[in-house]
Every structure is written in C-alpha cells, then in structure tokens.
Amino acid sequence: MSNEIKEKLITDDSLIQISICLGTGGVAAGARDVFNSFAKELESNQVEAVIKERKCRHKVHQTGCRGLCALDVLVDVLVPGMAETSYARVTAAMVPEIVQEHIINKKPVEKYLVDEAHHRFFDKQKRRVLQRCGVIDPEDINDYLATDGYQALAKALRIGPEKVIDEVKTAGLRGRGGAGFPTGLKWAFCRAAEGDTKYLICNADEGDPGAFMDRSQLESDPHSVLEGIIIGSYAIGAEKAFIYVRSEYPLAIERLKIAIRQAKEKGYLGDNILNSGFNCRIEIEKGSGAFVCGEETALMSSIEGNRGMPKPRPPYPAEKGLWGKPTNINNVETLANVPLIILGGAAQYAQIGTEKSKGTKVFALTGKVNNTGLIEVPMGITIKEIVYDIGGGINNDKKFKAIQIGGPSGGCLGESHLDTPIDYDSLVAAGAIMGSGGCVVMDEDTCMVDIARYFMDFIQEESCGKCVPCRIGTKRMLEILTRICDGEGVAEDLQNLEELAKKVKNTALCGLGQTAPNPVESTFRYFKDEYLAHIKEKRCPAKACKNLIKYRVTPDDCKSCALCVKVCPSEAILGGKKGVKAEIQNDKCIRCGACLSKCPTKAIKVVDNDSAAAVEVK
Amino acid sequence: MMKEISITIDGRQVTAAAGSTILAVAKRENIHIPHLCHESRLEPFGACRICIVEVKGARGLQPDCHTAIKEGMEIVTDSENLREHRKFLLELLLSDHPHDCMTCDANTSCKLQTYAYEYGIDLNRYGGETHPFEKVDDINKLIERDPAKCILCGRCVRICDEVVGARAIDFVNRGFKANISAPYNVSLLDTTCELCGQCVSTCPTGALTEKMAKGKGWEADFKKVRTTCPYCGVGCVFDLNVDRNGKIVKVTSEVGSVPNNGNLCVKGRFSYDFVQHPDRLKKPMIKKNGKHVEVEWDEAIAFVADKLTAIKEKYGPDSLGFVSSCRSTNEANYVMQKLARAVFGTNNIDQCARTCHAPTVAGLAMAFGSGAMTNSISEISNVDLAFVIGSNPTEAHPVIGMEMKKAMRNGAQVIVCDPRKTWMAKHADLHLPVQPGSDVPLMNAMMNVIITEDLHDKEFVENRTEDFAELKDMVLRWTPERAAEICKVPADDIRKAARMYARADKAAIFYTLGLTEHICGTDNVRSTANLALLTGHIGRESTGVNPLRGQNNVQGGCDMGAGPTGYHGYQKLSDPAAVEKFSKAYGVALPTNIGYTITDMVEKAAEGELKALYIMGEDHLMSEPNIKQVEKAFENLELLIVQDIFFCETAPMADVVLPAASFAEKDGTFTNSERRVQRIRKAIEPIGESRPDWEIVCDIAKQTGYDKMNYQSASEVWDEIAELSPIFKGISYERIEKVGLQWPCFDKDHCGTKFLHEGSFTRGKGKFHALDYRPPAEEPDADYPFYLTTGRILYHYNVGTMTLRSVGSAQKVPECFCEISTADAEKLGLKNGDEVKVTTRRGELIVKASVGDRVKEGRLWMPFHFPKTPANLLTNDAFDNITRTAEYKVCSARISKP
C-alpha cells in the first residue's frame, strides 16, 4: 500500500522508521503512550554501543490515520535491509520487546504482527486521496513536498485558471459532500460571476453520525486539502478562502494551523505565490457543532457571525454567497482530489470509476463488520465487496441485514442490494445517496424501525427550526416512529408516516429537511415487514425494541452463579444463586442487556414480549 | 430597466421584468396565494413554505416568495396538490398552536386563523407534543410575547435586524425546541430593543401583541382613522384605531404608506397615550387673584380679544407678540399669522423653528433660493454616500434612520460628523468626532481638499453657480492641518471624508440641529450648501442637502408665514407686490416693518417694550436657553396667553390658559421634512372642552370684529392658503386624501416636487458663500472646563409634555442624565448611575451620570426633555447672527459630585 509514497519519503536508507498512528482514533487507543514509549526505549537503547556503532539514525514518526482503526494502535517498523512490518493493537507495554527484538535483534515479534484481515482490508481499496494518510508526518511540510506536494499547484499556476477548470471538468470530479454536483461546473459558475471579491470555502463541518473521513484527511494530510483550496481559489479568482471546521476537531484544527503556517513560510500561501502574482489567504473558521451548518447557506451565515440557518436558493452562493460575494463551497475530500487531477491529468484520473462517477470515494466504514475504519474505494465497487472483503464480513458470523449509506439523508439498503455498485446514480436509484461517506453496516440484531427512529431523532435535534415541515413535520414523524417502536403503533400510523415523509420532502427548505425522510422511506421500502410486525403483532423481529421483548432464563443452562443478579441494576432477577435457578421479573427488567453479556453459559435469551403472543393468538 | 419576459401563470400569458419573483407577478395579477413569513419590508426568507406553487418542469414545489421567474415559465398557483400541501403545513403549525382564538388579541387579524378557515383545517390531524411555553413575563409596558402562539416565521427577528437594526431578538435552540427570544430571555428593556413595536406590526399571529390594547377589541371592531404622526418631522402616516367607545386603542401603520412604508418608532407607535391622559386641559382658565380659575369659552375669548386690543391701543401694535406652533397644523399657523398681521397689525409673529431650523430656512434660501430639504425620504435608500453631520437620525428621526440603515444594507458608505459616538457613528465608514462648534473649518478644509485635488465638478460650478472665486479664496486658506487643530480630528480623516464625498456618484448631506443651533448656525448651513454646489451633488435623485426637521410640522410652521419676515409660501415683506396682494386679500393695510423673532420678543419683554405675548403650543420656560432670564422677562408682561394641550411649564405664569385639542381631535395638515403636505384627521371627540387651535384663533379674530376669518372647516382655511401661494396652489384636501403632495405644487395637474433644483435653482444660480470660522460664544476655561451639548433622545420628544405622559417612554427613560466619558468619570470618582452636578454660568442641575464612550473626554451631553431638570437652565443665550437661533449645542460647564 502506498509504497510509491513511502519510497519517496525515504531519502536516507540507513534510517530506521517507526510510524505510529496518532490520529484521533489512534490517540484514543493509547498511541501517545506508545509513541513516548518508543522514544524512551530508543533513547535508552541508543546508549548501547550496538546501535551507535552501526551509525544508525532513527526517527519516530507521527502519522495520521491509516484507516484500520479497529486494529489501533498500529505501528509500522522499517529497519533498513528488512521488510516493512506492521504491528497491530500495540500497547506501551509491548514496545520494549519490539525495540529489543525487531530493531536491535532484527527479529520481528511475530505474535504482535498484523494478520490476514489487515491485508484483506487494504487489497480492494484504491488509496489515492488517502495515499499519504498514515504514511507522512502531517506536521512536516517536507514530507508533503517529498511526495509531490504542491507540484499540482505549480502546474496549475502555469496552465492558468481556465485550463484548471477544464481539467477538473474533464476528470468528471463530482462533489464528495453528498449531492455529487460536478465540481468543474461549479467553479466555472463562480469564475463567471460578476465581482472583484470572491471567496472559496472548504466545508469541513462533518456531522453525519459515524463519519470521520474529513477529520482523518485533515489530521493526516492537511496540505493536500490546502493545495486543493489554493488551486480552487486560483481557478475561481478568489484571494481569500475559509476552512469551516467543527470545533470538536481540535487536532485537525491544530494541524491545519501548522500546515497553513508552513505553507506560508514556503511561499505556497500568501502574496505572489510561486511568483505567479496570485495571492491567497486561508482562514480557519470554527463551527459550533450544528449539523445544519454543513448546508452551504447555513455555513455561510455562520461564518458571517449569524445563526446557522439555511437560506433559500437561488441566489446560489456562486452568484451571491458569503457577505453577498460570489462564493464557491467544496467539501474536504473534493478539494483533496484536485491536486491528483491537476498533477496526473484528467485522463489518468478518470481511468478509475464508472462512466458518471469518476475516481475514488472515501468511506467511514462502521457498524457490525469486523474491520471498521477509513476506506477509499474505486467508484463502481459493490456493496458486497465493501462489507465482505474490505470489512471482513459481519461480526460474530451474524447475518448481514442492511447497510446505511449517506447518513441522516441517506437510506438503508438490504441484502438484495449487495451487488449494487457504489456510484452516485445507482445509490440514488436504490433509495440511498452517496452522502459524505458514512457507511454503517447492520446485522440481524438491528431493528430497522428503530434505525429509522434513530435518524429521525437526529434530524429533529439538528433541524434549525426555520421551516415548518422540518421543524414540526419531522417531530410528528419521530413521534409516530417512537410509538411504533414502543409497540403502540396503530394501522393508520403507516399511512400517516408515508404521507408525512412525502410532504416533508416536497416542502422543506433545505437539503436537510428535503432528505430527512430518506431513512424512513428506504426502510419502508425494503423492510416494511418489520414495521408491520411492530404494529400488527407487537413484535420486534430483531428483538431490539425494549417494549417488545423480554429476557428469559433457560433453566437448564443456568448455573446459579449469581453473576446476573449482581450486575442487574434494577433488581429484577430472583434466585440465581445457591442452586436456585435465576428468574427474571419482566415488570422490573429494563432490558439493559447487562445480564445477557455477563451470563457465562448464555442461559439468558431474548424473546418476544407477551403482548406479541397475545396478538398472535388472536 | 430589467428585460421583460413572458410567462404563464394560471393559464394567463403575462409579461414581467426578468428577476421578478413569482410573488410579485401574482400580486400584480391579483392572484391570491397564502403567505405567513413573507412581508414586503423584508428579504425573502422561505420559512413557512405555504406559498408553494407548481412550476412546470421544476423539481418539487417552489415557494413564490423567493423563486424568480424565467422566460416561458408555466406556473400554477392553485391545484388539488397545492391545497393538500398547504393544508399539511397549516395542520402541522396548528398541531403546535393553542386553539384559543376566542380569547386571543389577534383574533380577526391573525393570518394563521384566516388560512385555517380558508383551507378547512382539521385541528387534530397530527396531535402530538405541543410546546409548554408560557407567556414571557416581561416588565416592559408595551410589548407582550406569547411564544406558544409563535409560528417561527421570523418576521419579528428580521424586522428588528433588517429594518430597525436593533437585533434585540433571535432564534434560539434547534428542532422542535426552536423559539424566539431575547438573549437569555431577559426583559426587552434590558436589550438593544428600541420598543418600536415593529415586531408587533409584522407578527402574523397573536405571538406579539400590544399590552396597552389588550382586551380592548379585535381588529374588526376598530374604526381606523388615517392620520399623520405628531412627533418628529419624518411625518409617518398611521391609523388611529378607535374603539366603539370613541377611545384610541392603538396605532397601526399600513405597509406601503408614504413616506414610512408602515414603519414607526417607539413614539409613533406607542406614545399616543398622552392624548387621553387625565392631565389634559379641559377648560379655559383665567388667572384671578393669582389663581387660575376655570371659565367658559365665551369669557376667555372675550378676555383675550379685549386685552390684546386694549394693549395695542395703549402701546401700539408692536407691543404685541404672537408665537405660533410647529406642533400644530398648517391651518392653525396660517390663521395665527393672519391674526397677528391682519387683526392686530403687527409682524411680531414667529414660531419654534426659531429654536431649531431657522438657520436652515435662511441659509439654504441664501444659497439655493429655497429653505427646505432638497430631496425625498424615498431617495435615501439609494444614496451611494451619506454625509451625516450634526444629526443623530436613529434617535431623532428614527424612520429616516431606518431608511439610512437600508441604504447601508444596500452598500452605501456613511460619513458621520458628530462629537458623539451615536449608533450611526459607530456603524459609519468614517466617524469624525469633531470639537463642538468647529463645523465651518471642517467643511472648509474638505472643500480645500476637493479643490486642490481637483475633485470638484467643474462643469456644474461653471454653469450653475456663482461666487466660486470668493469661496476658493477662503477655503484655500483652510488646509486640513489647520482645520484639524480646531476640529480635533486627524487631517487625513478630513481628506478621506472629502474624497469619499466628492468621488461618490450620489452623495447626500443630512444634517440636523448639530449644525443650526450655533452662533454660526446659518454659516454652517451655507457650508453644507457650498459642499453640494462644489461637487454637483444637488438637483439629482438621492443627493442634495437634507435638513431633517425636528417637529411634526416645523416645515409647515415656516411655510405658513408664521415668521417676522414674510407671508406664507415664502412671499417676502420686502416685496411690495406681496404686501399689496395680502393687504387686499386680508382686507386691511398690513404693516411692512420686519417683526420680532421669538428671541427678540423675550428681549423686548425684558426691556419692557413688549407688553403682551400670545403663545400657542410652545413652552418657553422649557425650550428657550437660559430659562431664568426668560422667566424674568415674562414677569414684565401685562398679558401672557398660553394655549396648549397640557398645563405646561410656562402656563403657571399665564394670565389666560386656553385648552387646545390634540392632533387626534381635529382635521388639518402637517408638512413633513420632505415638504409633503399630509392630512391629519379627527379620530375622537376633543377631550373636555378643548378646541382646535385654528378655531380658537379665529374666534379671537371674530371677537375683535374682523370678518375675514369665518372659516367653517380646516379645509376652507387650506383653500385660502392654496389660493394665496403659488407653491401650494395645486394642493387641496381632495388631492391629498390618500397620499400627501410635496410642494412646490403649482396647479391642480402638478404632481408635486420630489427633489428641488433640477436644472436650475429656485434663485437661478446656486450661490457660494465664503465663510470663516467663528468660535462658539462660550468655550471651556479653567472654571468651566467642559463642553456641554444638549439634544433629543429616542424615547422622548422636545419639552416632554407628551412623552413623559406616555407609559412606555416614561418607563424606558424616566429621568434626565448627563453623558460623561469614562476617563472624566474616573477622575471624579463617578460611576454609571451616580448623581452628578452640572453647573454653568447660568445655573446648575443634579442628574444621573451616564458613563461610557458616547462622549469623548472633556465633553458632556444632556437631553432636554425633563421639566424637573430642564437642561435649558444651563444653556447659553447666545444667538446666531442672522436668524437669532440660540447656541444650544455649545456652552461650557463643570461637573462635581453633589
């Protein structure tokens, strides 16, 4: 993977390289400790004559996210003369052994090495946008420069803005923020708009539940985004650009600040960039975590210092955007694609992908798959390949039920869509959207009504409250979904839900409201039987909705070990000790699942609640 | 002009300007589409979605309020599908709205109610959770907020931001919990709210209502009487809402009204309650044995007529003085001057413009030939640059202030020249906080820059002006550096101002009393004229020299001949033809000697030459400078007649007090700042036995035996005014029934004059005046080290008789204060709100200190509205050399802890 990039980085082959993932995921898994431990170990071992005598230098390298977050902390060790080796789930305690065995004794520590899953995870990916992520030091512009960094910018300044736009058009780049509008066309509009002052905004207000593509890109390879911003600004004729990034991303912000400073120092930002006469400044604007601020007009309002609320379009930002000036807004990933297009040429770029969706797409793969993490796949790859090859299949050998693509605006696709190719148009046809890259895999234990309710709850919390259908319509939808999950649904609810979904979609002001019913509509389309089971049979087929299930102890399997009794927070379990079999009192049980996971013999089962049986009898 | 394109709407083929919204076309075609969040004063918002229409080929339904038409567009505004979607939206709204129309103040005026009925809403279609909001417990006495009835259309938020610029309220929270609130839900009194009630005026439901109108009736119950605001010179048109008991319940203003487009300020909307205040004078009074005793009208009229006649016979006609009122109607002013001239044979007639804009009338007449605002209020929003000097429009002329804010939103640049950091100064592109009284050097230096940098309009100067050489000679001596020393602003800022003003395409000057109330007031005014002539910023739309007149009818007071130098319509005593014309019309030989100004009358009374003074609607013991001196002078009078709606501060000295009817109780006309003659109408019966001013005056005339003042109505008075003056000739009550006309209006076919001096000036060529600096009469010294300036605040009006009896204004600002800079306050150990003693050579007052950055170090500022602490006890009785207007804006003072 990304070997080309790695080769470019290695300027001195006598250098020992240790790369540690220090992205947010890595840090959460303890990467800082691992990092410090390596530094300490190398320091103390350096005193040893062995290393010194060999005149070996070393460098502990901090890299950004490499994608396979499930295996964090991931550490790559490259000792000159030896094959590169990756260690998974490294803790500080393992470090002395790795240093001693691998670096000093040159014997990789087999028991800590990554396994087959690691390779499968990378094999079907096509890491282009993420090529440097997890490889270079994001706080050192020299790493970026050593890997062709800012050469696209130099080329862009040579060929001129029109040609840049042509290239982006020819490459067929479409917006990676979700809707897939052709980027080159958007740039051309903005370039053609009247006005001396124009702005470019990089939308890094990533808010979909489970999504972390933009964060990873900014943390791991901030210069690639900056380079895209500068080229884009040049193309549309803007001298000022903003990066609107949520304040919940402190590391991304920190690294952007460093990158901007370094780019300025090297003359890639500021006045008269590379002697071209072109000036460009980039400012970081921190958002406060409102999901709706990812919507471009709301985002601009927020930058202007107002409440982030969408405005009607037209006028489109390209005509009248930030402070009334022509403005172009692109998502982080879109901009990170730009240097690739300019440097390698549109033709080469367009070789990857389908007819109408070119290039690759980054997804944050989460949910019930074995390999969760950040992935980059060629457009046209099937859902099955993502779930089973890259994702390594479903956890605990459960059955695949659905994949949710596109976040709260997206949809849930079931088994029948496993062969659907990932491209803008196929996804829309199937009832989902490409979205920004959230990709949540669900197994048989996931209730699709509950999923629809979850997303509706999210939307309702995040609606700006401006337009009536989104503010009240989604509230009423949420109320119906909650009712159904609680087992209180009535037959008319389905009809009402369908009607509300349709009308909210038809009347809402912005993309958030217009797509809010998507999770409901797609689950309705593919999993209607689950809705019907909840309403008619008062039964949750996935056994997830708490009001519709109960826990029952299988007496034969119960060993009266009392573990369940101890863990139960609501004192719902009788017996369970001194030889008496455990018995769960349904009225006290809150279905928290604590006993379920504690029981060593798996004696506790989830079954339909009595109400279901009653209905069935009828 | 925008290109015309053709579209189809509901099957009709129509054409409209490209860029128009579907809404605009539908409105023009009288097609009814429901709207909740749309309001023509506001930017499209697109929140309610109820105005959706079908556009062939478009994805989804399109809101008409923000969808622009395109060539060939096919639009359907009503269909089963649309009705179903609109119904859906209404049912959603009503699922979270109390169904209590029968006890709601907005009943019959609520748009939600109207549409619910129209669309046959099922109130319980969706059910579900509703907001637990309770009414906001806000101690303010004017505006009630009931968030449970709020549909979040955002009109209140937007009008507060886009039109008023106060930004006191905004959306808070998200999703279903979203609502509208002041910051932290505090009282509006503690926010930037100006209590203008614009939010109430635009609220489509009962979420925002007027506390004073609560429970007093529904829209459909009120008689709406269209009239003109009695406060500042903007002349906002509004409707007095009168209930079945003949009481005024509230004030509303129709969007689209001229000149204010439905906008009102706190005084216009809420300070009508003075009209029905118990303190109103209800019966005439004569002082008997030192006490005022109520008498019948017959006795009072006879007393006044007889006494005036007797004094005239004893001391001659010029022993009488008449003071007319810029707060009363044109008709009252006209008959008052006729009473003085025709009945009592004296030109000793003046009105309160003497205390404010007399230098405007004189100065602009000298330069242009007409002493009035050259351009119109409607042109303000299109200026490219506003040079605001000595004017605080957002407080003194709030609705003109709103137009300026609109101009700023449209991208206009603003230069503010004001010693204080007013709202406008804070938001200006350039603020010049000049030393009080240094306006002539400032403007001379600006012209110095304009000429030396060759920025003047040479063609205009050549063709349309005279005396340029004299001007040039003078201003070349005033380099920015020289002026900077006097003005206390950087020379480069003066240069910047000059360049900005000269280079703008449409630059307009706006000024108020900050220029006129100086010993060099007329010089200041002529300096503004010089600037406009030099740059050619006059005689075109959205340019000009625009004095903003301070009182509702101060323009009319001047126009009606209620001044010592001429007849109405600016017909001069110095013109024998005019004297002859009026002598003939009035049926008596009229006096030809120039009469006394108000200032003269006070002095002549002090000297014992003036024996009787008839004051209509003026309050000298509040409004004249150095009040103590005025009081002494009045003690010499043999007869003092005060005619007012309240027992004002001057009334205790009066021998006769005559109760006048307020603006709400009579017919007539006011002329606003932009020369627009507008109707006022009788909405309620006069309070007590009060009577319209013109009737009282005419009765006095009749009592003396004069028979040419027997008018049956105000309209009849107006007809005589029009008949005898060319500039009013084309104006009649009939023609101004709906919208007022701007003079000059020469005949029945003339549509009035939007802006003056197009092509040529009233006097032919515009005249430059070379003017040199004359320092204020009193400047700070060791004993009195501060500059003291006085002025108006947003919540009150002039002598305070009206607004201090108005609950909203009185609650917001109950008492006088003195603005002091933080630095000066620290030196004295004063904190904001502490009492401070302000002393001048003429008196002292103890008021609250308002400490902050509005005034600079070494400067003080006080409002003049409060009878208990009258600022004019302190002001200097030094006067403009030409018009004898007092220098209210500068005197020296000291401050101390009381």
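Before the views, a word on the model. This is a predicted model, in which local features need pLDDT of at least 70, side-chain atom pairs count only at pLDDT 80 or more, and totals for chains, interfaces and linings use all residues. Residues are numbered from 1 along each chain as its sequence is written, chains are lettered from A and ligands numbered from 1 in the order in which they are written, and side-chain values use heavy atoms, leaving out hydrogens and water.

**View 1. Chain A meets chain B.** Contact (heavy atoms within 4.5 Å) involves 33 residues from chain A and 34 residues from chain B. About 2,900 Å² is buried between the two chains, 55% of it on carbon and sulfur atoms; buried area is the accessible area (1.4 Å probe) that two parts lose on being put together, summed over both. Arg307(A), Arg476(A) and Lys503(A) supply 21% of the area that chain A buries against chain B, more than any other three residues.

**View 2. A salt bridge between the chains.** Glu462(A) and Arg174(B) join their side chains in a salt bridge at 3.4 Å, N to O. The term means a side-chain nitrogen of Lys or Arg within 4 Å of a carboxyl oxygen of Asp or Glu. Across this interface, the rule finds five salt bridges.

**View 3. Ser463(A) and its surroundings.** A polar atom of its side chain lies 3.1 Å from the backbone nitrogen of Gly465(A). Leaving aside residues up to four places away in sequence, Ser463(A) touches Cys470(A), Arg471(A), Leu512(A), Arg174(B) and Gly175(B).

**View 4. Helix α7 of chain B.** Helices (H or I, at least four residues) and strands (E, at least two) are DSSP runs, numbered from the N terminus. The buried residues of α7(B) include Trp297(B), Val304(B) and Ile311(B). Among the elements that the buried residues pack against are β13 (285–288) and α25 (693–703) of chain B. Just after α7(B), Gly316(B) takes a positive phi of about 95°.

Conventions:
A polar contact is a pair of N or O atoms within 3.5 Å; within protein, one must be able to donate a hydrogen and the other to accept it, and residues adjacent in sequence count only if both atoms are side-chain atoms. Buried means under 20% relative accessible area, exposed over 50%, partly exposed in between (1.4 Å probe, protein chains only).
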